[in-house]
Amino acid sequence: MKILLIGSPGSGKSTFASEIEQVSDIAILHLDRIWHTTDYSQEAEKWFVSEQEKFMTSHDSWIVDGNYFGSMDTRLKYADTVVLLNISKYKRVYRIIKRSIKRRLSKNSQADMASNFSEKFDREYFDFLKFAWNYDKNFESKEKELGIVNPIIIRNQKDKEKFIDRLLGNSRKKS
């Protein structure tokens, strides 16, 4: 399977990707880990897309964890499944703040993030929280614009377990 794992910041994409990684042999690419090693320039954007394509073409099965709508169309060309983590805005903003505090205390607390990444509790950070809060409205228009059709929606632990069971069932059939 070639899976895009998308959803609001704080929805649990990276955590879910890691859970899948623990029970399967599926390669995972955390987009935050590679994007936040760059200088965020136009050259970095080209490199970012190139790294994604290299990853997706070099693995038979994969999961790419992250949104980055600017390069989503590249990933959609290769993917056969789109999984959308959809949790309440209250929970996701709480998770973002919690992980930010944990990251301040220990850089190693977020394995999916580039080690050189640091965030400040500044205007940009609060804009990010606002983006997460309003993600549902923003995603609807992006979903149509990008042509994302019938994503598998994960709302809770039961949905996660069902998806992993389905994933492992598909993996066993191919073995």
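A: The questions and answers below concern a predicted model.

Q: Let us start with strand β2. Which residues point which way?
A: Strand β2 covers residues 27-30. Ala27 and Leu29 point one way, while Ile28 and His30 point the other way.

Q: And are these residues buried or exposed?
A: All of them are buried.

Q: In which sense do β2 and β3 pair, and over how many bridges?
A: The two strands pair in the parallel sense, over 4 bridges. Strand β3 is made up of residues 62-65.

Q: What is the bridge partner of Leu29 in β3?
A: The partner of Leu29 is Val64.

Q: A change of topic: which residues form the nonpolar patch on the surface?
A: The patch is formed by Ile97, Ile101, Leu105, Phe121 and Phe126. Together they have about 510 Å² of accessible area.

Q: Which helix gives the most to that patch?
A: Helix α5, residues 89-105, gives the most, with 3 residues. Ile97 has its place in this helix.

Q: Now to Ser71. Where is it found?
A: Ser71 is in the loop between β3 and α4, the latter being residues 72-78.

Q: Why does Ser71 count as buried?
A: Its relative accessibility is 4%, and buried means under 20%.

Q: Which residues is Ser71 in contact with, leaving aside its neighbours within four places in sequence?
A: With those neighbours left aside, Ser71 is in contact with Phe48, Val49 and Gln52.

Terms used. Residues are numbered from 1 along each chain as its sequence is written. This is a predicted model: local features need pLDDT of at least 70, side-chain atom pairs count only at pLDDT 80 or more; totals for chains, interfaces and linings use all residues. Side-chain values use heavy atoms; hydrogens and water are left out. Buried means under 20% relative accessible area, exposed over 50%, partly exposed in between (1.4 Å probe, protein chains only). Two strands pair if DSSP finds at least two bridges between them. Patches are made of residues with over 30% relative accessible area and no salt bridge: like charges are joined within 9 Å, nonpolar side chains (Val, Leu, Ile, Met, Phe, Trp, Tyr) within 5 Å. Accessible areas come from the Shrake-Rupley method with a 1.4 Å probe; for residues, only the protein chains shown count as cover. A salt bridge is a side-chain nitrogen of Lys or Arg within 4 Å of a carboxyl oxygen of Asp or Glu. Contact means heavy atoms within 4.5 Å.
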